Amino acid sequence: MVEFKFREYGTDFGTCAMGQKLREKLLPLINGEEKVVLDFTGVNVVSNSFADECIAKLLLEIPLSELKRRTTFKGLNPLAERSVLVALQRRYKVLKNS
């Protein structure tokens, strides 16, 4: 397993720009051979826009079933977990209906 530690990039993630930057770092790892642990330990804030840009937009590249198989989450606080789940649900719904 490979760990992607969000804490190395900050503790508060609120912008689409940061989401895009980290998604571009994540994608090669997720497309690799090992499962990727998305480690949010020590992260205080994950906004909906960051979660959509960084995590949910991965669905544009990888089907949900594959994303689930290749990744796992660790250390999300309840508010950050909600942002990630809402972003994934919204993005999945948009893709499913298009």
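In the predicted model, Phe4 lies opposite Leu38 of β3. β1 and β3 are paired in the parallel sense, with 4 bridges between them. α1 packs on the sheet and touches β1, β3 and β5; the direction of α1 makes about 175° with that of β1.

The sheet itself is open and consists of 3 strands in the order β1-β3-β5, with parallel pairing. Because β1 (2-5) and β5 (71-74) each have a single partner strand, they stand at the edges, and one side of each is left without a neighbour in the sheet. From one strand to the next, the twist averages 25°.

The largest nonpolar core comprises 25 residues, and those with the most contacts inside it are Phe6, Leu26, Leu38, Val46 and Ile55. Two or more residues are given to this core by each of α1 (16-30), β3 (36-39), α2 (48-54) and α4 (78-96). Apart from its neighbours within four places in sequence, Leu38 is in contact with Phe4, Phe6, Leu26, Ile55, Thr71, Thr72, Phe73 and Lys74.

Ile55 is located in the loop between α2 and α3 (64-70). This residue counts as buried, because its relative accessibility is 2%, against a cut-off of under 20%. With neighbours within four places in sequence again left aside, the contacts of Ile55 are Phe6, Leu26, Leu38, Phe40, Phe50, Phe73, Val84 and Leu88. Ile55 and Leu76, separated by 21 residues in sequence, are 13 Å apart in space, C-alpha to C-alpha.

Note on methods: Residues are numbered from 1 along each chain as its sequence is written. This is a predicted model: local features need pLDDT of at least 70, side-chain atom pairs count only at pLDDT 80 or more; totals for chains, interfaces and linings use all residues. Side-chain values use heavy atoms; hydrogens and water are left out. A nonpolar core is a set of buried Ala, Val, Leu, Ile, Met, Phe, Trp, Tyr and Cys residues joined through side-chain atoms within 4.5 Å. Buried means under 20% relative accessible area, exposed over 50%, partly exposed in between (1.4 Å probe, protein chains only). Contact means heavy atoms within 4.5 Å. Two strands pair if DSSP finds at least two bridges between them. Axes are lines fitted to C-alpha atoms, for helices over the stretch in contact, and angles run from 0 to 180 degrees between N-to-C directions.
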